[in-house]
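Let's walk together through the place where two parts of one protein chain meet. Have the model open as you read.

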Amino acid sequence: MIRSVVRGFGAALPKRVMTNRDMEAIVDTSDDWIVQRTGIRQRYIAGDDETTASLGEAAARAALANGGLTPADIDLVICATSTPDNTFPATSVNIQNRLGMSHGFAFDVQAVCTGFVYAVTTADAYIRGGLAKRVLVIGAETFSRILDWNDRTTCVLFGDGAGAIVLEAAEGEGTSADRGVLTAHLRSDGSHKDKLYVDGGPSSTGTVGKLRMEGREVFKYAVGMITDVIQAAFDSTGTTAEDLDWLVPHQANRRIIDGSAKKLNIDAEKIVITVDLHGNTSAASIPLALATAAGDGRIKKGDLVMLEAMGGGFTWGAVLLRW
């Protein structure tokens, strides 16, 4: 059977680093308060000359270089983002153009923090369906553009950045020993919209709006939703937490990550943590974490890797793949 195998990975971050000490000069907060509740120590903030598309392009070029590929080798570009450069066209089309591509096709996926998981699942479906052989999957965000910098409960949490992988078609045996995407499980429940949303949009207010979140409510649901899809991935492949080499979670909050892993008996040493360095970069957080751990040699060929995320909507999902 056809599997979608990771060929290359890459990441890009803005030039500006904003530490928790820097945040203390903006809002009534402290480094201790932020670290204790979230695990975040710093985040990157896009400058005036940096956008979701420019960060996405840089991450895409890094992934292509890592995989020994060029834009000519790509059939499809999927960008997961909630902070597009324009209402339309899609940021993926912008990135496609910036890469010098005039072939293939491109579109965006919008599932907030779960966007990269949705995008990987979508790319896998296109590859298995024979509509694409190589797909550039990008998660890119500039959440700093939609933050209320007077709201200390949200502005300290988010950062900007981009990550990317190239998925390509490869033959597999149809077992959990195959390399590539083994299974994916996606969920959503729109009844939770008011717990995490942006209070604007073209059709409603004609404005971009600002991010609003009921943090305690999100936390209350997060661990249960995340463990649900991770367990579904294990069940569908006949694997267990003991078989897992790495858990690469959405980097939203260290307490949510630790709580989910503990509930599933996943060893803390198997968890890739970058929330301390990047903050919550929404759809970019998982590919940034992947690029970090694969780049430093922790994630190796043949490793069993679980991706999981939960975001506004609510949306949540998990992908189990062998690197």
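The area buried between domain 1 and domain 2 is about 3,700 Å², counted as the accessible area (1.4 Å probe) that two parts lose on being put together, summed over both. Carbon and sulfur atoms give 67% of that area. On the domain 1 side, C113, V117 and I146 lose the most area to domain 2, together accounting for 16% of what that side buries.

A word on the ground rules: this is a predicted model, in which local features need pLDDT of at least 70 and side-chain atom pairs count only at pLDDT 80 or more, while totals for chains, interfaces and linings use all residues. Residues are numbered from 1 along each chain as its sequence is written, and side-chain values use heavy atoms, with hydrogens and water left out.

Now for the two partners themselves. Domain 1 covers 2–171 and domain 2 covers 180–322, with bounds that come from an automatic or database domain assignment. Their centres, taken over C-alpha atoms, lie 14 Å apart. Domain 1 brings 50 residues to the contact and domain 2 brings 48 residues, where contact means heavy atoms within 4.5 Å.

What about charged pairs? The rule finds one salt bridge across the interface of domain 1 and domain 2, a salt bridge being a side-chain nitrogen of Lys or Arg within 4 Å of a carboxyl oxygen of Asp or Glu.
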